Amino acid sequence: MKAFISSFVLYTILLLLLCIHLWRPITANNMQQNETDRLVLIAFKDGITHDPLGMLNSWNDSLHFCRWSGVHCSRRHVHKATQLNLFSYGLVGSLSPHIGNLTFLRTIILQNNSFHGKLSSEINGLFRLQVLLLSNNYFEGKVPTNLTYCSELRVLNLTDNKLDGKIPEELGSLSKLKYLGLSRNNLTGKIPTSLGNLSSLTLLSAGYNNQEGSITEELGRTILYFIQLGFNRLTGTIPSSMYNLSNMRYFLLIDNQLEGSLSQDMGVAFPHLRLLSLLGNRFTGHVPVSLSNASMLEHIFLLNNSFTGPEPPNLGRLQNLLVISMAQNQLGSSKGDDLNFIDSLANCTQLRVIQFHQNFLKGHLVSTIANFSTHISRINLGSNQIHGTIPSGIENLVNLTYPSLVRNHLTGSIPSDIGKL
(Lines give C-alpha, C1' and ligand atoms only; values in the text may rest on other atoms or scores of the structure.)
Protein backbone atom coordinates (compact mmCIF):
# COMPACT_ATOMS: atom_id res chain seq x y z
CA MET A 1 0.00 0.00 0.00
CA LYS A 2 2.84 2.42 0.89
CA ALA A 3 4.47 1.67 -2.46
CA PHE A 4 1.20 2.44 -4.24
CA ILE A 5 0.78 5.74 -2.37
CA SER A 6 4.38 6.72 -3.09
CA SER A 7 3.91 5.95 -6.80
CA PHE A 8 0.67 7.92 -6.89
CA VAL A 9 2.27 10.94 -5.20
CA LEU A 10 5.24 10.75 -7.56
CA TYR A 11 2.89 10.51 -10.57
CA THR A 12 0.89 13.50 -9.32
CA ILE A 13 4.03 15.58 -8.81
CA LEU A 14 5.32 14.73 -12.29
CA LEU A 15 1.97 15.56 -13.83
CA LEU A 16 1.90 18.88 -12.02
CA LEU A 17 5.42 19.72 -13.15
CA LEU A 18 4.48 18.83 -16.74
CA CYS A 19 1.43 21.12 -16.59
CA ILE A 20 3.56 23.95 -15.22
CA HIS A 21 6.13 23.37 -17.94
CA LEU A 22 3.47 23.47 -20.68
CA TRP A 23 1.44 26.34 -19.20
CA ARG A 24 4.22 28.85 -18.71
CA PRO A 25 5.21 29.33 -22.37
CA ILE A 26 1.55 29.44 -23.45
CA THR A 27 0.82 32.14 -20.88
CA ALA A 28 3.88 34.10 -21.89
CA ASN A 29 2.98 33.76 -25.54
CA ASN A 30 -0.56 35.03 -24.90
CA MET A 31 0.78 37.93 -22.93
CA GLN A 32 3.14 38.77 -25.78
CA GLN A 33 0.30 38.64 -28.31
CA ASN A 34 -1.89 40.82 -26.10
CA GLU A 35 0.95 43.30 -25.71
CA THR A 36 1.64 43.61 -29.45
CA ASP A 37 -1.49 45.56 -30.35
CA ARG A 38 -1.13 47.85 -27.34
CA LEU A 39 2.47 48.69 -28.24
CA VAL A 40 1.53 49.36 -31.87
CA LEU A 41 -1.24 51.71 -30.77
CA ILE A 42 1.18 53.51 -28.43
CA ALA A 43 3.55 53.92 -31.40
CA PHE A 44 0.60 55.32 -33.40
CA LYS A 45 -0.12 57.81 -30.62
CA ASP A 46 3.56 58.84 -30.53
CA GLY A 47 3.20 59.93 -34.17
CA ILE A 48 0.46 62.42 -33.23
CA THR A 49 1.85 65.90 -32.57
CA HIS A 50 -1.44 67.69 -31.91
CA ASP A 51 -4.70 66.41 -30.47
CA PRO A 52 -6.90 69.51 -30.10
CA LEU A 53 -9.94 67.64 -28.79
CA GLY A 54 -7.99 65.42 -26.41
CA MET A 55 -9.43 62.33 -28.08
CA LEU A 56 -6.35 60.26 -27.24
CA ASN A 57 -6.30 61.16 -23.55
CA SER A 58 -7.87 57.79 -22.79
CA TRP A 59 -4.92 56.02 -24.41
CA ASN A 60 -3.10 55.24 -21.14
CA ASP A 61 -2.48 52.36 -18.76
CA SER A 62 -5.59 53.08 -16.67
CA LEU A 63 -7.75 51.46 -19.39
CA HIS A 64 -7.36 48.34 -21.45
CA PHE A 65 -6.51 49.42 -25.00
CA CYS A 66 -9.75 47.87 -26.29
CA ARG A 67 -11.53 50.63 -24.38
CA TRP A 68 -9.44 53.45 -25.79
CA SER A 69 -11.31 56.08 -27.80
CA GLY A 70 -11.65 55.00 -31.43
CA VAL A 71 -10.37 51.45 -30.84
CA HIS A 72 -12.64 48.43 -31.24
CA CYS A 73 -11.58 44.87 -30.55
CA SER A 74 -12.73 41.47 -31.72
CA ARG A 75 -15.16 39.45 -29.63
CA ARG A 76 -13.84 36.23 -31.03
CA HIS A 77 -10.14 37.10 -30.83
CA VAL A 78 -10.00 39.00 -27.57
CA HIS A 79 -7.33 41.67 -27.21
CA LYS A 80 -6.99 42.10 -30.99
CA ALA A 81 -7.87 45.50 -32.46
CA THR A 82 -10.20 45.20 -35.47
CA GLN A 83 -11.18 48.84 -36.01
CA LEU A 84 -9.42 52.18 -35.66
CA ASN A 85 -11.90 55.02 -36.10
CA LEU A 86 -10.58 58.54 -35.46
CA PHE A 87 -12.80 60.37 -37.93
CA SER A 88 -12.67 64.19 -37.89
CA TYR A 89 -10.78 64.67 -34.60
CA GLY A 90 -8.42 67.36 -35.92
CA LEU A 91 -5.40 65.14 -35.32
CA VAL A 92 -2.03 66.30 -36.66
CA GLY A 93 0.85 63.93 -37.21
CA SER A 94 2.18 61.07 -39.32
CA LEU A 95 0.96 57.52 -39.73
CA SER A 96 3.20 55.13 -37.81
CA PRO A 97 4.73 52.38 -39.98
CA HIS A 98 4.04 49.97 -37.10
CA ILE A 99 0.35 50.05 -37.98
CA GLY A 100 1.05 47.13 -40.32
CA ASN A 101 1.41 44.94 -37.24
CA LEU A 102 -2.27 45.30 -36.31
CA THR A 103 -2.96 42.23 -38.37
CA PHE A 104 -6.57 41.84 -37.26
CA LEU A 105 -7.60 45.33 -38.40
CA ARG A 106 -10.56 45.36 -40.73
CA THR A 107 -11.31 49.08 -40.69
CA ILE A 108 -9.14 52.20 -40.57
CA ILE A 109 -10.97 55.54 -40.59
CA LEU A 110 -8.68 58.58 -40.29
CA GLN A 111 -10.43 60.96 -42.67
CA ASN A 112 -10.89 64.68 -41.97
CA ASN A 113 -7.69 65.11 -39.98
CA SER A 114 -4.25 66.54 -40.77
CA PHE A 115 -2.06 63.48 -41.19
CA HIS A 116 0.97 64.12 -43.39
CA GLY A 117 3.95 62.29 -44.81
CA LYS A 118 3.97 59.25 -47.03
CA LEU A 119 1.65 56.30 -46.75
CA SER A 120 3.57 53.53 -45.03
CA SER A 121 4.49 50.56 -47.21
CA GLU A 122 4.06 48.38 -44.10
CA ILE A 123 0.32 48.73 -44.57
CA ASN A 124 0.59 45.65 -46.76
CA GLY A 125 0.63 43.56 -43.59
CA LEU A 126 -3.06 44.29 -43.02
CA PHE A 127 -4.30 41.28 -44.95
CA ARG A 128 -7.70 41.39 -43.24
CA LEU A 129 -8.30 45.08 -44.01
CA GLN A 130 -11.63 45.81 -45.69
CA VAL A 131 -12.07 49.58 -45.27
CA LEU A 132 -9.32 52.22 -45.56
CA LEU A 133 -10.57 55.83 -45.31
CA LEU A 134 -7.77 58.42 -45.36
CA SER A 135 -9.50 61.24 -47.24
CA ASN A 136 -9.08 64.93 -46.44
CA ASN A 137 -5.56 64.79 -45.03
CA TYR A 138 -2.12 65.81 -46.29
CA PHE A 139 -0.62 62.49 -47.29
CA GLU A 140 1.94 62.80 -50.08
CA GLY A 141 4.02 60.60 -52.33
CA LYS A 142 2.80 57.71 -54.45
CA VAL A 143 -0.21 55.48 -53.97
CA PRO A 144 1.42 52.34 -52.51
CA THR A 145 1.46 49.51 -55.03
CA ASN A 146 1.63 46.92 -52.27
CA LEU A 147 -1.92 47.77 -51.22
CA THR A 148 -2.64 44.74 -53.36
CA TYR A 149 -1.62 42.57 -50.39
CA CYS A 150 -4.75 43.87 -48.67
CA SER A 151 -6.75 41.43 -50.75
CA GLU A 152 -9.94 41.81 -48.66
CA LEU A 153 -10.17 45.56 -49.34
CA ARG A 154 -13.68 46.74 -50.24
CA VAL A 155 -13.38 50.50 -49.72
CA LEU A 156 -10.31 52.63 -50.51
CA ASN A 157 -10.71 56.39 -50.16
CA LEU A 158 -7.62 58.59 -50.56
CA THR A 159 -9.52 61.65 -51.78
CA ASP A 160 -8.28 65.17 -51.03
CA ASN A 161 -4.62 64.59 -50.21
CA LYS A 162 -1.36 65.51 -51.95
CA LEU A 163 -0.61 62.20 -53.63
CA ASP A 164 1.20 62.25 -56.97
CA GLY A 165 2.36 59.86 -59.64
CA LYS A 166 0.17 57.42 -61.53
CA ILE A 167 -2.76 55.34 -60.38
CA PRO A 168 -1.09 51.92 -59.92
CA GLU A 169 -2.10 49.23 -62.37
CA GLU A 170 -1.79 46.85 -59.43
CA LEU A 171 -5.04 48.17 -57.93
CA GLY A 172 -6.80 46.12 -60.59
CA SER A 173 -6.00 42.96 -58.61
CA LEU A 174 -8.14 44.02 -55.62
CA SER A 175 -10.97 41.79 -56.76
CA LYS A 176 -13.32 42.69 -53.89
CA LEU A 177 -12.96 46.46 -54.22
CA LYS A 178 -16.30 48.31 -54.45
CA TYR A 179 -15.39 51.96 -53.79
CA LEU A 180 -12.26 53.70 -55.09
CA GLY A 181 -11.79 57.37 -54.22
CA LEU A 182 -8.73 59.20 -55.58
CA SER A 183 -10.10 62.68 -56.36
CA ARG A 184 -8.43 65.97 -55.44
CA ASN A 185 -4.81 64.85 -55.56
CA ASN A 186 -2.01 65.49 -58.06
CA LEU A 187 -2.26 62.19 -59.91
CA THR A 188 -1.09 62.01 -63.50
CA GLY A 189 -1.04 59.51 -66.34
CA LYS A 190 -3.82 57.43 -67.80
CA ILE A 191 -6.67 55.66 -66.07
CA PRO A 192 -5.40 52.08 -65.75
CA THR A 193 -7.10 49.53 -67.97
CA SER A 194 -6.72 47.07 -65.10
CA LEU A 195 -9.57 48.81 -63.23
CA GLY A 196 -11.85 46.96 -65.63
CA ASN A 197 -10.93 43.78 -63.75
CA LEU A 198 -12.75 45.08 -60.67
CA SER A 199 -16.02 43.29 -61.32
CA SER A 200 -17.48 44.52 -57.99
CA LEU A 201 -16.55 48.19 -58.49
CA THR A 202 -19.58 50.45 -58.03
CA LEU A 203 -17.95 53.84 -57.34
CA LEU A 204 -14.95 55.43 -59.05
CA SER A 205 -13.94 58.97 -58.17
CA ALA A 206 -10.71 60.28 -59.69
CA GLY A 207 -11.66 63.86 -60.53
CA TYR A 208 -9.66 67.03 -59.85
CA ASN A 209 -6.34 65.48 -60.87
CA ASN A 210 -4.18 65.68 -63.98
CA GLN A 211 -5.32 62.45 -65.63
CA GLU A 212 -4.89 62.32 -69.39
CA GLY A 213 -5.61 60.03 -72.27
CA SER A 214 -8.95 58.44 -73.04
CA ILE A 215 -11.49 56.81 -70.77
CA THR A 216 -10.63 53.14 -70.84
CA GLU A 217 -13.14 50.88 -72.58
CA GLU A 218 -12.59 48.25 -69.87
CA LEU A 219 -14.58 50.26 -67.29
CA GLY A 220 -17.68 48.95 -69.05
CA ARG A 221 -16.95 45.56 -67.45
CA THR A 222 -17.58 46.88 -63.95
CA ILE A 223 -20.92 47.57 -62.25
CA LEU A 224 -20.35 51.29 -61.68
CA TYR A 225 -23.27 53.42 -60.56
CA PHE A 226 -21.10 56.48 -59.74
CA ILE A 227 -18.27 57.81 -61.87
CA GLN A 228 -16.50 61.13 -61.31
CA LEU A 229 -13.64 61.89 -63.67
CA GLY A 230 -14.19 65.63 -63.92
CA PHE A 231 -11.54 68.35 -63.92
CA ASN A 232 -8.85 66.32 -65.64
CA ARG A 233 -7.33 66.38 -69.15
CA LEU A 234 -9.16 63.44 -70.63
CA THR A 235 -9.58 63.27 -74.39
CA GLY A 236 -11.43 61.12 -76.88
CA THR A 237 -15.03 59.99 -76.75
CA ILE A 238 -17.21 58.22 -74.20
CA PRO A 239 -16.54 54.51 -74.83
CA SER A 240 -19.55 52.61 -76.11
CA SER A 241 -19.03 50.05 -73.33
CA MET A 242 -19.95 52.69 -70.76
CA TYR A 243 -23.55 52.53 -71.91
CA ASN A 244 -23.65 48.94 -70.64
CA LEU A 245 -23.58 50.27 -67.06
CA SER A 246 -27.33 50.07 -66.55
CA ASN A 247 -27.08 50.91 -62.83
CA MET A 248 -25.50 54.30 -63.52
CA ARG A 249 -26.86 57.05 -61.28
CA TYR A 250 -24.17 59.73 -61.17
CA PHE A 251 -22.24 60.41 -64.39
CA LEU A 252 -19.73 63.26 -64.03
CA LEU A 253 -17.11 64.06 -66.68
CA ILE A 254 -16.92 67.82 -66.10
CA ASP A 255 -14.19 70.03 -67.59
CA ASN A 256 -12.18 67.69 -69.76
CA GLN A 257 -11.49 67.70 -73.49
CA LEU A 258 -13.93 64.97 -74.44
CA GLU A 259 -15.62 65.11 -77.82
CA GLY A 260 -17.98 63.28 -80.11
CA SER A 261 -21.71 62.81 -79.72
CA LEU A 262 -23.69 61.17 -76.95
CA SER A 263 -25.54 57.94 -77.56
CA GLN A 264 -29.10 58.78 -78.52
CA ASP A 265 -30.13 55.85 -76.31
CA MET A 266 -28.44 57.30 -73.21
CA GLY A 267 -31.73 57.70 -71.31
CA VAL A 268 -32.61 54.08 -72.05
CA ALA A 269 -29.12 52.80 -71.20
CA PHE A 270 -29.12 54.72 -67.88
CA PRO A 271 -32.71 54.34 -66.63
CA HIS A 272 -31.72 55.10 -63.01
CA LEU A 273 -29.71 58.24 -63.80
CA ARG A 274 -30.01 61.07 -61.27
CA LEU A 275 -27.15 63.40 -62.20
CA LEU A 276 -25.72 63.99 -65.67
CA SER A 277 -22.85 66.47 -65.70
CA LEU A 278 -20.81 66.85 -68.89
CA LEU A 279 -20.23 70.60 -68.86
CA GLY A 280 -17.02 72.13 -70.14
CA ASN A 281 -16.15 69.61 -72.88
CA ARG A 282 -16.34 69.53 -76.69
CA PHE A 283 -19.36 67.33 -77.23
CA THR A 284 -21.31 67.79 -80.46
CA GLY A 285 -24.49 66.46 -82.02
CA HIS A 286 -28.01 66.48 -80.62
CA VAL A 287 -28.96 66.22 -76.97
CA PRO A 288 -30.43 62.69 -76.66
CA VAL A 289 -34.23 62.73 -76.83
CA SER A 290 -34.19 59.57 -74.75
CA LEU A 291 -33.14 61.51 -71.62
CA SER A 292 -36.85 61.80 -70.86
CA ASN A 293 -36.81 58.04 -70.23
CA ALA A 294 -34.46 58.49 -67.27
CA SER A 295 -37.37 59.34 -65.02
CA MET A 296 -35.23 59.76 -61.90
CA LEU A 297 -33.10 62.58 -63.37
CA GLU A 298 -32.68 65.53 -61.01
CA HIS A 299 -29.76 67.49 -62.49
CA ILE A 300 -28.71 67.96 -66.13
CA PHE A 301 -25.55 69.98 -66.79
CA LEU A 302 -24.58 70.10 -70.47
CA LEU A 303 -23.49 73.73 -70.70
CA ASN A 304 -20.34 74.92 -72.45
CA ASN A 305 -20.17 72.32 -75.21
CA SER A 306 -21.06 72.40 -78.90
CA PHE A 307 -24.43 70.65 -78.95
CA THR A 308 -26.68 71.54 -81.87
CA GLY A 309 -30.26 71.00 -82.97
CA PRO A 310 -33.50 71.38 -81.06
CA GLU A 311 -34.10 70.70 -77.39
CA PRO A 312 -35.63 67.31 -76.51
CA PRO A 313 -39.42 67.86 -76.62
CA ASN A 314 -40.50 65.59 -73.75
CA LEU A 315 -38.40 66.82 -70.83
CA GLY A 316 -41.61 67.45 -68.89
CA ARG A 317 -41.72 63.73 -68.15
CA LEU A 318 -38.86 64.27 -65.70
CA GLN A 319 -40.97 64.90 -62.62
CA ASN A 320 -37.93 64.91 -60.30
CA LEU A 321 -35.98 67.47 -62.33
CA LEU A 322 -34.46 70.26 -60.22
CA VAL A 323 -31.86 71.86 -62.48
CA ILE A 324 -31.42 71.90 -66.24
CA SER A 325 -28.52 73.83 -67.74
CA MET A 326 -27.69 73.66 -71.45
CA ALA A 327 -26.27 77.16 -71.83
CA GLN A 328 -23.33 78.10 -74.05
CA ASN A 329 -23.99 75.63 -76.84
CA GLN A 330 -25.28 75.98 -80.41
CA LEU A 331 -28.80 74.76 -79.77
CA GLY A 332 -31.53 75.88 -82.11
CA SER A 333 -33.06 75.19 -85.49
CA SER A 334 -34.06 77.11 -88.56
CA LYS A 335 -37.79 76.58 -87.97
CA GLY A 336 -38.23 79.38 -85.47
CA ASP A 337 -40.17 77.31 -82.90
CA ASP A 338 -37.30 76.37 -80.62
CA LEU A 339 -39.08 77.35 -77.40
CA ASN A 340 -41.80 74.72 -77.51
CA PHE A 341 -39.80 72.66 -75.03
CA ILE A 342 -40.76 75.23 -72.36
CA ASP A 343 -44.36 74.04 -72.56
CA SER A 344 -43.12 70.60 -71.54
CA LEU A 345 -40.78 71.87 -68.80
CA ALA A 346 -43.74 73.61 -67.14
CA ASN A 347 -44.83 70.12 -66.06
CA CYS A 348 -41.67 69.68 -63.96
CA THR A 349 -43.16 70.74 -60.64
CA GLN A 350 -39.88 70.54 -58.70
CA LEU A 351 -37.83 72.63 -61.13
CA ARG A 352 -35.57 75.30 -59.57
CA VAL A 353 -33.11 76.39 -62.27
CA ILE A 354 -33.42 76.76 -66.08
CA GLN A 355 -30.39 77.95 -68.05
CA PHE A 356 -30.37 78.10 -71.86
CA HIS A 357 -28.52 81.37 -72.41
CA GLN A 358 -25.95 81.84 -75.19
CA ASN A 359 -27.50 79.52 -77.76
CA PHE A 360 -29.22 80.06 -81.12
CA LEU A 361 -32.79 79.55 -79.91
CA LYS A 362 -35.37 81.21 -82.16
CA GLY A 363 -39.06 81.71 -81.60
CA HIS A 364 -41.81 83.46 -79.70
CA LEU A 365 -41.54 83.66 -75.91
CA VAL A 366 -44.33 81.32 -74.87
CA SER A 367 -46.73 82.40 -72.15
CA THR A 368 -46.28 79.10 -70.31
CA ILE A 369 -43.05 80.48 -68.89
CA ALA A 370 -45.32 82.08 -66.28
CA ASN A 371 -46.72 78.67 -65.41
CA PHE A 372 -43.52 77.26 -63.99
CA SER A 373 -43.57 75.93 -60.44
CA THR A 374 -43.25 78.54 -57.72
CA HIS A 375 -40.06 76.70 -56.69
CA ILE A 376 -38.27 78.25 -59.67
CA SER A 377 -35.46 80.61 -58.62
CA ARG A 378 -33.49 81.17 -61.83
CA ILE A 379 -34.52 81.49 -65.49
CA ASN A 380 -31.83 82.51 -67.94
CA LEU A 381 -32.73 82.62 -71.63
CA GLY A 382 -30.43 85.54 -72.46
CA SER A 383 -28.36 85.91 -75.63
CA ASN A 384 -30.64 84.03 -78.01
CA GLN A 385 -32.96 85.11 -80.83
CA ILE A 386 -36.23 85.18 -78.93
CA HIS A 387 -38.98 87.63 -79.83
CA GLY A 388 -42.37 88.58 -78.42
CA THR A 389 -43.28 90.13 -75.08
CA ILE A 390 -42.74 89.22 -71.45
CA PRO A 391 -45.95 87.44 -70.44
CA SER A 392 -48.07 88.65 -67.55
CA GLY A 393 -48.21 86.30 -64.58
CA ILE A 394 -44.45 85.94 -64.33
CA GLU A 395 -44.71 87.93 -61.11
CA ASN A 396 -46.42 84.92 -59.54
CA LEU A 397 -43.11 83.06 -59.52
CA VAL A 398 -42.48 84.27 -55.99
CA ASN A 399 -39.08 82.60 -55.55
CA LEU A 400 -37.66 83.85 -58.83
CA THR A 401 -34.53 85.83 -57.93
CA TYR A 402 -32.72 85.78 -61.27
CA PRO A 403 -34.84 86.28 -64.40
CA SER A 404 -32.67 87.05 -67.44
CA LEU A 405 -33.90 87.62 -71.00
CA VAL A 406 -31.18 90.06 -72.07
CA ARG A 407 -29.81 90.26 -75.61
CA ASN A 408 -32.92 88.99 -77.37
CA HIS A 409 -35.51 90.65 -79.62
CA LEU A 410 -38.27 91.26 -77.11
CA THR A 411 -40.74 94.12 -77.53
CA GLY A 412 -43.54 95.67 -75.54
CA SER A 413 -43.55 96.81 -71.95
CA ILE A 414 -42.35 95.13 -68.81
CA PRO A 415 -45.30 93.87 -66.71
CA SER A 416 -45.98 96.35 -63.92
CA ASP A 417 -46.19 93.66 -61.22
CA ILE A 418 -42.76 92.22 -61.97
CA GLY A 419 -41.42 94.46 -59.24
CA LYS A 420 -42.97 92.05 -56.72
CA LEU A 421 -40.19 89.56 -57.41
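1. **Largest pocket.** I369, I379, I390, I394, L400, P403, S404, L405, I414 and I418 line the largest pocket. A pocket here is an open set of points on a 1 Å grid over the protein atoms alone, where a 1.4 Å probe fits, with protein on both sides within 12 Å along at least five of seven lines; lining residues have an atom within 4 Å of a point. The space in this pocket is about 160 Å³, where volume is the space filled by probe spheres set on points joined across faces, edges and corners. Its lining splits into nine nonpolar residues, one polar and no charged. In that count Ala, Val, Leu, Ile, Met, Phe, Trp, Tyr, Cys and Pro are nonpolar, Asp, Glu, Lys and Arg are charged, and the others, Gly among them, are polar.

2. **Basis.** This is a predicted model: local features need pLDDT of at least 70, side-chain atom pairs count only at pLDDT 80 or more, and totals for chains, interfaces and linings use all residues. Residues are numbered from 1 along each chain as its sequence is written, and side-chain values use heavy atoms, with hydrogens and water left out.

3. **The 12-strand sheet.** An open sheet of 12 strands runs in the order β1-β4-β6-β8-β10-β12-β14-β16-β18-β20-β22-β24, with mixed pairing. Strands (E, at least two residues) and helices (H or I, at least four) are DSSP runs, numbered from the N terminus. Two strands pair if DSSP finds at least two bridges between them. The edges are β1 (48–50) and β24 (330–331), each pairing on one side only.

4. β10 and β12 are parallel, over three bridges. K166 stands opposite T188 in β12. Strand β12 (residues 186–189) is also parallel to β14, over two bridges; G189 has Q211 in β14 as its bridge partner. β14 then pairs with strand β16 (residues 233–236), again in the parallel sense and over two bridges. There, E212 is partnered by R233 in β16.

5. **Two faces.** Side chains alternate along strand β14 (residues 210–213). Buried means under 20% relative accessible area, exposed over 50%, and partly exposed in between (1.4 Å probe, protein chains only). β12 likewise has a covered face, L187 and G189. Its uncovered face holds N186 and T188.

6. **Three-strand sheet.** A separate entry is an open sheet of three strands, ordered β26-β28-β30, with parallel pairing. β26 (362–364) and β30 (409–410) each have a single partner strand, so one side of each is left without a neighbour in the sheet. β26 and strand β28 (residues 385–388) pair over three bridges. K362 stands opposite Q385 in β28.

7. **Nonpolar core.** The largest nonpolar core has 106 residues. Such a core is a set of buried Ala, Val, Leu, Ile, Met, Phe, Trp, Tyr and Cys residues joined through side-chain atoms within 4.5 Å. F251, I324, L345 and F372 touch the most other members. At least two core residues come from each of α1 (2–46), β3 (81–85), α2 (266–269) and α3 (341–345). Not counting residues up to four places away in sequence, F251 touches I227, I238, M242, M266, F270, L273, L275, L276, S277 and L278. Contact means heavy atoms within 4.5 Å.

8. **Positive phi.** Most residues other than glycine have a negative phi. D160 has a positive phi of about 60 degrees although it is not a glycine. D160 sits in the loop between β9 (155–157) and β10 (162–166) and is partly exposed, at a relative accessible area of 31%. Y208, also not a glycine, has a positive phi of about 60 degrees. Its loop lies between β13 (203–205) and β14. Y208 counts as partly exposed at 31% relative accessibility.

9. **N320.** This residue lies in the loop between β22 (306–309) and β23 (323–325). N320 is partly exposed, with a relative accessible area of 37%. Leaving aside neighbours within four places in sequence, N320 contacts S295, M296, L297 and E298. N320 and Y225 are 95 residues apart along the chain, and their C-alpha atoms are separated by 19 Å.
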